[in-house]
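Dear colleague,

Please find below the structure that I am handing over to you. My findings follow directly after it.

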Amino acid sequence: MPNRRWMTAMLAVGVLTLAACGGGGEESTGSGPGGLEVPKIDKATAVGAGEGQVNIVSWAGYVEDGSTDKSVDWVTGFESETGCQVNNKIAGTSDEMVALMKTGEYDVVSASGDASLRLIYGGDVAPVNTDLISNYKDVFEGLKNKQWNSVDGQPYGVPHGRGANLLMYRTDTVTPAPTSWSAVFDANSPYKGKVTAYDSPIYIADAALYLMKTKPELNITNPYALDDTQFQAAVDLLKAQNELIGEYWSDYTKEVQAFKAGNSVLGTTWQVITNLTKADGAPVEAILPTEGATGWSDTWMVSSSSKNPNCAYLWMNHIISPEANAGVAEWFGEAPSNKLSCALTKDKDHCATFHAEDEAYFDQVWYWTTPLAQCVDGRTDVTCKDYAAWTQAWTTIKG
Amino acid sequence: MSSLGSYLHRNPRLRLAGLLSAPLLWLVVAYLGALAVLLVSAFWTVNGFTGEVVREFSLQNFRTLVTEEVYRAVTLRSLGVAASVTAICVVIATPMAFFMAKVASAKYRHWLVIAILTPLWASYLVKAYAWRILLANGGPIDTLLGGPGNGPGYGLFATVLVLSYLWLPYMILPIYAGLERLPDSMLEASADLGARAGRTFRAVVLPILIPSVIAGSIFTFSLSLGDYITVQIVGGKTQMIGNLVYANIGAANNLPFAAAIATVPVVIMVIYLVAVRRSGALEEL
């Protein structure tokens, strides 16, 4: 008996100590989505000699040093030129990127639009002085100073590339070929149990985009700005879609394997996944449906607590240089952000295939943007659902 | 140094304290400490947008857990999976362990134990992905059952199947260890005294078997309850408690809510352990 009392006492002491630590530690301001302000962080004024290394968080395929494929290497040259050893960490999802950047151990990140605002307002990334990046002038104007990579005209990074979330299908099973997103939302779909969707709260925007075109009475004007009614409609649509889903995918190897085996025959994809699946011999095609699509535009951003800021700036300049940018765009399967890249791709049709210069095409693409309580479409009479609400809803949708 | 040694020699209580302080510190700091952090942070919240943890006491996480139906559904599903996996493991492991402990000769017994242990040397991930390929559309299991689509495919059933495969050694070993302690002479004595096989099983084997099975079930049950990787790989669209914890840390960066969800399996396991405490199973671990 006495020894149990002793254990209880120890446990209580432990809890109290920790509670005290929690209360006394760094106090968070808890400003809440109501009083959003960008943390004041100074931007660099000059780039000096490299510190010897740079720690990067990136999407798979963005930082290749020849170890995946000998002909794909835009890192080794950079390392010998600048003396900055590149340490790369691949993130599987935007949410993982945000979590990694919060550790403060990384210098640069290739953030997509659904992560960038969270990083900016979270104070995890610093504003970027684009005067220090000589290649910035050649970036397509259509990508500069956008909602997801700048605040009040201040850029928070350099645009990397862009692409759409396409609809992929197996040509041998799915007939006729789909042209609309209705293929993945149709409750009477003949492909029930073999439909796949991207496993992330941001996928709610795909449903909103579809409703924008098919249910005009909801008045959705931006799939990332959803008030209660609009949000509920999108969630209901996705709950109904859950009946059709065989599995949700978030890492690309899983999707490639599922399409190869035929466990999935229809669903959202990225161009790079289609390329890999085709390379493995599976009969698949990907299309941009008539409703348009969600998409992404990535931005290289520098950490506010970077220990290697010079190497970080050198890297950002390097990765959007015409050669490196062309290399990534072609390997990953996306539209490059540097105008001069199009002349340097091995496949001369690359920029045409990915509509790099086709602003009309990208007008149909709604780039991932972090949903905020202040509606990003400019409405002030309603509150929109923020990303936390999207995340909780995503759990409910999957059931 | 030598004076310290002789001082300690004269003070046995101090000697004991010195000896025990390191493991005690380990237990308190690493184990209870981590549990305490979990409990405390479950009462915090997160600023929805910047992801900063707000260190103010709030019951909001638990309110969401209780009121939202999806969390109840996922908890029940996880319990169901853990119970099925445990039941399957018991059914397969008991005869295997009995054979190893009582039927096989000493030489073979040695090799059988190694055979049971070898799967534990391979990475969990490799085994789970291997099952993903086995269960794929048109894969080996489909072919065995007569063509693409005849197998279970990915989903709840596949999850139970793969988890049973993964945790089976954790059930076999405690049962084997228990049965091995049962002297053959006792079985012979029971027979000599006129008991038939059934009676011997009930009166001699079962009292040893039950605590061993419960000891094994603690492993299979808790490991299944907290699993999220197998579910992600072969579970199709199925979610379990582990997936919710993972999603709330990875996707939402909401550590407090993840901690609140993580208290659910802790509570379930505490209830389970208290329930089986009297069976003597905990001494078998």
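This is a predicted model: local features need pLDDT of at least 70, side-chain atom pairs count only at pLDDT 80 or more; totals for chains, interfaces and linings use all residues.

**Two helices in contact**

In chain A, helix α6 (residues 204-214) packs against helix α7 (residues 228-242) at an angle of about 105°, and their axes are 9 Å apart. The two helices α6(A) and α7(A) are therefore roughly perpendicular to each other. On the side of α6(A), the contact is made by A:Ile204, A:Ala207, A:Ala208, A:Tyr210 and A:Leu211; on the side of α7(A), by A:Phe231, A:Ala233, A:Ala234, A:Leu237 and A:Leu238. Of the residues in this contact, ten are nonpolar, none is polar and none is charged.

**The sheet and the helices on it**

Chain A contains an open sheet of five strands in the order β10-β9-β11-β8-β12, with mixed pairing. Its edge strands are β10 (245-249) and β12, each of which pairs on one side only. Neighbouring strands of the sheet are turned by 25° against each other on average, with direction ignored.

Strand β9 (residues 195-198) of chain A runs parallel to β10(A), and four bridges join the two. Within β10(A), A:Glu247 stands opposite A:Thr196. By contrast, strand β8 (residues 166-170) of chain A and β12(A) pair in the antiparallel sense, again over four bridges. Here A:Tyr169 has A:Glu285 of β12(A) as its bridge partner.

In a regular strand, side chains alternate between the two faces of the sheet.

Which strands does α9(A) lie across? The helix α9(A) lies across β8, β10, β11 and β12 of chain A, and runs at about 165° to β12(A). In helix α8 (residues 252-261) of chain A, the buried residues include A:Lys254, A:Glu255, A:Val256, A:Gln257, A:Ala258 and A:Phe259. Just after α8(A), A:Gly262 takes a positive phi of about 90°.

**Aromatic pairs**

A search of the whole structure finds 27 aromatic pairs over all chains. One of them is the edge-to-face pair of A:Trp59 and A:Trp270, at 6.2 Å centre to centre with 70° between the planes. A:Trp59 lies in the loop between β1 (53-58) and α2 (76-82) of chain A, and A:Trp270 in the loop between β11 (266-269) and α9 (271-279) of chain A, so the pair ties together parts that are 211 residues apart in sequence. Both A:Trp59 and A:Trp270 are buried.

In chain B, B:Phe221 and B:Tyr272 form a stacked pair, at 5.1 Å centre to centre with 20° between the planes. B:Phe221 belongs to helix α10 (residues 197-226) and B:Tyr272 to helix α13 (residues 255-277), so this pair ties together parts that are 51 residues apart in the sequence of chain B. B:Phe221 is buried, with a relative accessible area of 9%, while B:Tyr272 counts as partly exposed at 22% relative accessibility.

Ring pairs also link a cluster in chain A, whose members include A:Trp59, A:Tyr62, A:Phe78, A:Trp270 and A:Trp368.

**A glycine in the loop between β1 and α2**

A:Gly66 is found in the loop between β1 and α2 of chain A, and counts as buried at 18% relative accessibility. A:Gly66 and A:Thr76 are ten residues apart in sequence and 8.0 Å apart in space, C-alpha to C-alpha.

With kind regards

Methods: Residues are numbered from 1 along each chain as its sequence is written. Chains are lettered from A and ligands numbered from 1 in the order in which they are written. Side-chain values use heavy atoms; hydrogens and water are left out. Axes are lines fitted to C-alpha atoms, for helices over the stretch in contact, and angles run from 0 to 180 degrees between N-to-C directions. Angles under 35 degrees count as roughly parallel, over 145 as roughly antiparallel, 65 to 115 as roughly perpendicular and the rest as oblique. Contact means heavy atoms within 4.5 Å. Ala, Val, Leu, Ile, Met, Phe, Trp, Tyr, Cys and Pro count as nonpolar, Asp, Glu, Lys and Arg as charged, and the others, Gly among them, as polar. Two strands pair if DSSP finds at least two bridges between them. Rings of Phe, Tyr and Trp (its six-membered ring) pair if their centres lie within 6.5 Å; planes under 30 degrees apart count as stacked, over 60 as edge-to-face and the rest as tilted. Buried means under 20% relative accessible area, exposed over 50%, partly exposed in between (1.4 Å probe, protein chains only).
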